[in-house]
Amino acid sequence: MSKPMRAIPADFMARGAMLHVGGRSVEDLIAEAGGTPLFVYDLGMVAARIARFRAAFPTIQLHYAVKANPYRPLLDFIISLVDGLDVASAGELRLAVASGAEAASISFAGPGKRDFELEEAIRTGVTLNVESEGEVARALGIGERFGLRPRIAVRVNPDFEIKGSGMRMGGGAKPFGVDAERVPALVRTIIEGGAEWRGFHIFAGSQAVRAEALIEAQRATLNLAAELADAVGEPPPLVNLGGGFGIPYFAGEEPLDVEAIGYALMEAREHLPRSLKSSVFAIELGRWLVGEAGVYLTRIVDRKVSHGKTFLVTDGGMHHQLAASGNFGQVVRRNYPVAIANRMNEAAAEEASIVGCLCTPLDRLADDVMVPRAEPGDVVAVFMAGAYGLSASPQAFLGQPPALEMVVGGSD
């Protein structure tokens with residue numbers, strides 16, 4: 001029995017038999033890039049997402065989480081449209097700086113920052129989102145050693161989580177952030193140590209697709225920020241509300257109602273306590289901005305039947321697109337939307353599994369889906385491939401060649 005998959009995102013279109021991305025034929029894009037496998041990112045879709053956020057959250061800063069997709073041409077495009085970048089390693093920090101981002105707009109989070117990363121962040125002038133008392137002590141020591149004033153915000157481990165989030169980053173024992181009850185004392189240590197205190201980073205979870213859950217989490221985040229500010233005795237310059245905006249990968253999931261979330265947050269801003277009146281607020285997003293804008297193109301190299309079951313074997317696989325294979329956090333494997341990109345005008349005619357070229361049964365891009373009959377040479381499109389794709393996959397596994405990447409639309 002075939003397994004369900006969600007419909008192709010509406011921004012993609014077909015002209016005759018051929019899928020188009022950013023108004024261009026996938027075969028033309030493959031020829032320009034030099035072959036498959038190939039990730040294509042539509043900058044027009046990214047710009048539209050950012051514009052939608054601006055309309056829904058008119059007084060909230062937008063930060064891009066670089067870990068979602070660090071591809072340089074994509075990052076170069078995004079920098080001019082957002083207010084800040086959030087990085088999680090020295091490598092991402094260097095990429096952000098090389099892309100022209102101002103140091104004051106960059107924040108650096110992550111629970112395992114090494115001394116050389118702290119030093120590089122402090123020398124560059126970015127904000128450290130510190131995750132422990134020990135990290136604060138090391139940052140203050142580095143600042144004193146080099147005669148520099150670190151910019152430090154505290155990442156808070158809240159006592160709540162986003163209900164239904166795909167990855168829970170808050171509530172209970174976590175490697176991320178400082179438990180809320182210990183934060184006021186730590187902030188006082190930061191201020192007394194001569195650092196520039198930059199505020200709070202409160203991130204409770206990611207990949208949430210229910211507006212009600214995010215509204216509830218943001219309300220709790222504002223309350224927690226106010227309590228912490230009162231305990232510190234100083235208003236936080238910035239309150240990073242985290243993100244967590246999810247996208248609908250699977251059948252039965254609905255797109256997130258960001259306008260409802262924005263309306264609720266704007267109302268809450270009208271009734272802020274005095275301790276937060278002067279604070280700037282930010283939301284950091286990655287997946288929601290770029291996830292649906294990407295498509296992974298991989299060519300079929302073989303068609304085989306085993307015990308009555310059809311397999312379409314491609315030149316790509318989980319070493320490029322781990323998430324689509326179900327090996328990046330899925331508890332129960334479900335299918336991303338896929339299509340035969342050069343047979344878009346043909347009806348589904350057979351049930352097939354689309355597998356990659358790796359010698360492991362985990363390498364499966366689609367399981368028992370209904371597609372038009374496909375042959376070697378045809379192109380498979382795996383959608384929802386703009387976030388946590390190539391850079392989040394085991395690219396070196398089995399020595400396979402890397403995937404290509406390109407952008408379309410925007411200023412390309």
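**Figure 1. Phenylalanine 281 in strand β15 of the predicted model.** Phenylalanine 281 belongs to strand β15, which covers residues 280-285, in a model of the chain that is predicted. Because buried means under 20% relative accessible area, phenylalanine 281, with a relative accessible area of 2%, counts as buried.

**Figure 2. Surroundings of phenylalanine 281.** Leaving aside residues up to four places away in sequence, phenylalanine 281 touches Ile60, Gln61, Leu222, Leu238, Val239, Leu241, Arg269, Leu272 and Leu276. Threonine 59 lies 222 residues from phenylalanine 281 in sequence, yet the C-alpha atoms of the two are 7.9 Å apart in space.

**Figure 3. Helix α3 and the elements around it.** Within helix α3, which comprises residues 72-79, the buried residues include Leu74, Leu75, Phe77, Ile78 and Ile79. The buried residues of α3 pack against the helices α2 (43-56), α4 (90-98) and α10 (287-290), and also against the strands β5 (61-65), β6 (84-87) and β22 (404-408).

**Figure 4. The chain as the setting for these views.** Ten helices and 22 strands make up the secondary structure of the chain, and its C-alpha trace spans about 70 × 45 × 40 Å along the principal axes. The radius of gyration of the chain is 23 Å, which agrees with the value near 22 Å that a compact globule of 412 residues would have. Of these 412 residues, 56% count as buried, and among contacts between residues at least 6 apart in sequence, 73% join residues at least 24 apart. The chain exposes about 16500 Å², of which carbon and sulfur atoms supply 53%.

Terms used. Residues are numbered from 1 along each chain as its sequence is written. This is a predicted model: local features need pLDDT of at least 70, side-chain atom pairs count only at pLDDT 80 or more; totals for chains, interfaces and linings use all residues. Side-chain values use heavy atoms; hydrogens and water are left out. Helices (H or I, at least four residues) and strands (E, at least two) are DSSP runs, numbered from the N terminus. The radius of gyration is taken over C-alpha atoms; the globule rule is 2.2 Å times the number of residues to the power 0.38. Buried means under 20% relative accessible area, exposed over 50%, partly exposed in between (1.4 Å probe, protein chains only). Contact means heavy atoms within 4.5 Å. Accessible areas come from the Shrake-Rupley method with a 1.4 Å probe; for residues, only the protein chains shown count as cover.
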